[in-house]
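Biologist: Could you take me on a close look at the aromatic rings in this model, and at what sits around them? I am new to this, so please go step by step.

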Amino acid sequence: MAIRRCTLALLGMLGAPAAVLAAGLPTSDWQLCPAPARPTLPSYGDDLVHVLADKAFLKQSGVSELLGNVQITRGDQTLMSQALSYDNLTQEVVSPGSLTLETPTMQIRGGSGRFNLGQRSGEVNDTRYQYYPAHAQGRAGHISRKNPSLTTLTNATYSTCPIGHQAWVLSASSVRLDQKADQGVARNVVLRFKNVPILYTPYLSFPISNKRKSGLLPPIIGESTNSGFEYRQPIYWNIAPQADATFTPQVLTRRGVGLGVEARYLSSKSYSVLEGNYLPNDKLYGNSRWLYAFHQQATPLPGLSTHINYNRVSDNAYFNDLGNSLDVSSTTELERSAAATYSAANWNLTTRVQKYQVLDPTLSASELPYERLPQISFNGWLPDNPLGLQTTLNTDWTRFVRRDSVTGSRFDVTPGLRLPLTGPAWFLTPALKYRYTSYHLQDQAPGTSADPTRSLPIASLDTGLYFERNAGAHTLQTLEPRLYYLYVPYRDQQGLPVFDTSLNDFSFSQLFSDNRFSGSDRVGDANQLSVALTTRFINTDTGSELFSASLGQILYFRPRKVTLPGAPVETQHRSDYAGRLSAALADHWNATGDATYNPYDHAVDSAYMGVQYHLDRQRLINLGYQFRRNKVDQSDVSFIWPLNAHWQATGRWNFSVRDGRVLDAFAGLQYDSCCWAARVLARRYVTSTDGKYNSGIYFELVLKGLGNLGNPIGSYLQRTIPDYAPSS
């Protein structure tokens, strides 16, 4: 048996480098541990042997007998005893009674021992050690250091728990540490938690640096209504310094036995990950289930970067049945794409192909995404010039493919000029673009052109002022009015296809956009003026923003005739009011918000509000609310909070007010001590759009300085609760 990393390697004695001793130790939180008492060691700044003793006798053989409070120091190691003999010729030290060896990182106490300071070898009997960087301690019946790179131990133990409070202990009948081979070997290894054996192996090999090693990783255990009891056992294979793989046999009692695989390859120019999962016979589904994915990022040449993203599953219901969240289980399509980008000082060129595996069988042909086979984009800009004039050129050629639909290619080019002018209390930015788009279509609607084109100018003027005043002894208030005028002439675009275009959601940032549509198939006509006002309160001592609020609206001087198919012409003279808010409410309290208000219907069209209490990364409360009229109405509450020095509670409640049901909810407890922690989490969440739920309970045991057993709850909470960081 072997494992990837293990902390038995800390028993290198007589001054082994701290970097070697600490290798492989996971970062842990030791704030609940008592600080070990460390003696004040002498420091001489040389490599000579320094001796202190109450009495010293020199024999004719050249051996010195040292008695009473003896200290022998060489470099950063000090040997202490009540009686020692020291051979001046061989530099061998013999202690017939108890002794203590101190280094900056370690203390070893023994019943007796002998050392050779010149050869840096020796042996100690009946030992107890402490390794300070890892808060570790243990015992060994015998420690023998043959040479500076080889150490053996018998009847050894290891724990990061304080002496006398060993919640967990790792023991071995023998340990061999070979620093030259960078490998340790232990036999008859037993891991006990609360005096209960939870792991045994007759043979264990491990690295004694931060290098990886093949072997078993901690298992993942849980239970859910979708899959029943789940047991996954990762097996790590260190293929080469630049490549590794993890095989994960898994048992799902309701579904069957499967295998997961992850292979990684890292070179100086690329990083690749191949993932797969296979259930040969899903008992609930009645057939085999599988997933595979390949991701790669590379820089094969200077300035050239490539990206591959390929995903595929066996069936449309794969994520509904085997996904672990609403975001994953409600996936309607999987992307397959490859892209290459070359970047130079003043231009870049990107080539991309993009396809999809559609997982929602209810989507009609017109709702399926178009595939890009291929897409070529070029963007360029001229260097800065004394006038400050900014010149840009954006071009894109894409061939769009979709079954039972109009297909074809689209060429879009947009040269642009922009002149930013600024002063101490103002800015003025005129901008001018010209956009030309042409198509070459197949299977287009009868009576429409196969080669339609569109060309139009886009002119804008963005200007604003900055006013400020003292609003208190340490507070500065600003007032920032802003005007943005946009003119785009009308062009009839009903004959153009809609390959990748949609209407943008209206928000405060949309006030200053030159197109209300995303994509290139529609350019909105405009003769409009955006009016906005922002105020800020700033702490003049720290420069931090205490409060900011923005409000704006677009004034339309003519109807907006350009629409998507089936949408009516927009004739309102004013847009929604759009607002944005950010506030430091009090110490550790922050709030953000966005909203749009319809002045014609006298109703809120969209809103988001988030409030956070953030005392530190383990004391958090997050409150959120999201609303889009007739579409979304959701609240989200999450927290992590200590109940006392050792217990923490956590929870989340994501509720759809519109649908009257919980989307995702969990509650959990964590116990944290000096050397171990335990987490339990109960969760219930929607797995499909038709409202099916999955419920589960998950456990995790953290042995600090050694590893985790069970389901990785800590990493899940880190992804789910904003700004949370687990202590271990």
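Modeller: Happy to! Let's begin with a group: Phe193, Trp647, Tyr671 and Trp676 form one aromatic cluster. Please keep in mind that this is a predicted model. In total, the structure holds 22 aromatic pairs. Tyr370 and Phe400 are both buried.

Another edge-to-face pair is made by Tyr484 and Phe512, at 6.2 Å centre to centre and with 80° between the planes. Tyr484 is part of strand S33 and Phe512 lies in the loop between strand S34 and strand S35, so the pair ties together parts that are 28 residues apart in sequence. Here, too, Tyr484 and Phe512 are buried.

Now stay with Phe512 for a moment, and look for a charge. The charged end of Arg482 sits over the ring of Phe512, 3.6 Å from its centre. Phe512 therefore has two partners to find on your screen: the ring of Tyr484, which ties parts of the chain together, and the charged end of Arg482 over its own ring.

Note on methods
Residues numbered from 1 in each chain as written. Predicted model: local features only at pLDDT ≥ 70, side-chain atom pairs only at ≥ 80, totals over all residues. Heavy atoms only, no water. Phe/Tyr/Trp six-rings, centres within 6.5 Å; stacked < 30°, edge-to-face > 60°. Buried < 20%, exposed > 50% of the residue type's maximum accessible area, 1.4 Å probe, protein only. Helix = DSSP H or I, 4+ residues; strand = E, 2+ residues; numbered from the N terminus. Lys NZ or Arg CZ within 6 Å of the ring centre and 35° of its normal.
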